[in-house]
Amino acid sequence: MARTASASTSAGPTLAVVAREAGVSVPTASKVVNGREDVAPETRRRVTEALDRLGYVRRPRFDTARALRLVDLVVHSLDSSRSGAVLRGVEEAAYDAGLEVVVSAGLDRPRPGGEERPRPAHGWLDRLVVRGSSGVLFDLAEPTALQYAWLEQHRIPFVMIDPAVEPPSGVVSVGAANWQGGVTATEHLLRLGHERIAVVAGQRRSLGSGARIAGYRSALASAGVPDRPEYVRHAGFDRAAARRRTRELLDLPEPPTAVFVCSDVMVLGVYEALAERGLTVPADMSVVGFDDLPEARWAAPALTTVRRPLSEMAATALRLLLRMMEGHRPESTRTELSTRLVERASTAPPRTRG
C-alpha cells in the first residue's frame, strides 16, 4: 500500500524544524517570523537564512480574516482634521470595495498635559500578525527598515499616503502635486502685486514641505523676484512655532507684505502673531495656506489656500492597495493628485505706503 505524505510534510517545515536548523528556541524563531524587534541581529540573520533555506512560508493566524479582506490603516495620529479627511476617504473606498479596515495610531501620542506615552515594543506589527491582514496603508507613519523588510518578506502589500520623507525605492505611494501648489500660491500673491513674499514651511526633512518651497522659489524666479533666504522660516507644522517664526519675519528690517504658509494649521499661529502686533489680514499682510482643511473656512478672515485632495488621495491609495492584493503591480510607484487654489478673503494687493 502506498504511503501517504503527512500533513506536516505537505504543508512545509514547521517552526520547530526552522528553530532547530538555526540553533535557537521555537519562541525566538517565532519572534523573527512575526517581525518582533527584540531579537539580536545575528540571531535574526540565522533564523532568516534558515527560513529561506527550508522554504518556510508564514500563514495567517486566522484564515477568516483574509476571507473578510481585512486591511490595516496605520496613521500618525487621530487628533486632527487632516486625519479625519484621510479616514473619510479610506472608509468610502473600502465600503465600495467590500473591505474591512482596522485603524491603528502607529506612532507615539502625548498624554493630556504633554506627557509622552511610552512607545509599545511592537505596536501595530504584532496586531497585524494576530489579525492576518491582507494589506496595509500608512498615513504619515514611517515604518522602520525592519518593518519594511518584514512586510516584503511576508508579501503583504502596502501603500504610503502622503509620505513625510522619501520612501525606499519601489515603495508605492500617493501624494499631491506639492511643487505645483507652491507655484500656484506664490503666483497668486505675485499677481496681486506682492514682491516681498515669505514662506512659513514645515519640517526641513519633509518631502511635501520641501516641494512647496521649491515651487515658491520657482515662481519667484519666473517673475524675476529675488529669493531672500531670510524670508524662508521652518515651523515644523506646529501652530506655536509658526507664531514665533512670524514674529521673526515681522522683526526684519524689511518685513514681507505677504506670506505663504505650508499648512492651514500653521496659519492660525501666523494670524495670532499678526494680531499681537496690531496688524490685520489682508490689509497689512496677505496670507495663503495649504490643505483647505476646515480651519481655512473657520479662520477670520476666511483663508485663501491651496486645496490638497486628502480624501481623494486616501481613496486612491486604498484602490491601489486592493489591486496589489489581487496580484497586480502599479505601473508607477508614485501617484500625484492635482492641487488648486481656493480664493477667500485673506489676500489683497499690498498697501501703498508713503
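Which residue stands opposite Ala258 in β9?

The model is predicted; local features need pLDDT of at least 70, side-chain atom pairs count only at pLDDT 80 or more, and totals for chains, interfaces and linings use all residues. Residues are numbered from 1 along each chain as its sequence is written, and side-chain values use heavy atoms, with hydrogens and water left out.

**View 1. Pairing of β8 with β9.** Ala258 stands opposite Ser286 in β9. Strand β9 (residues 286–291) and β8 pair in the parallel sense over three bridges; two strands pair if DSSP finds at least two bridges between them. From β8 the chain crosses through α12 to β9, and this β-α-β crossover is right-handed, that is, clockwise from the first strand over the helix to the second with the strands pointing away from the viewer.

**View 2. Strand β8 and its pairing with β6.** In β8 (residues 258–261), Ala258 and Phe260 point one way, Val259 and Val261 the other way, and all are buried (under 20% relative accessible area, 1.4 Å probe, protein chains only). Four bridges join β8 to β6 in the parallel sense, and Val261 in β8 has Val200 opposite.

**View 3. Helix α11.** Helices (H or I, at least four residues) and strands (E, at least two) are DSSP runs, numbered from the N terminus. The buried residues of α11 (residues 239–250) are Ala241, Ala242, Arg245, Thr246, Leu249 and Leu250. Their cover includes β6 (197–201), β7 (232–234) and α12 (264–276), where contact means heavy atoms within 4.5 Å.

How values were computed. The expected span of a helix is 1.5 Å times one less than its number of residues. Buried means under 20% relative accessible area, exposed over 50%, partly exposed in between (1.4 Å probe, protein chains only).
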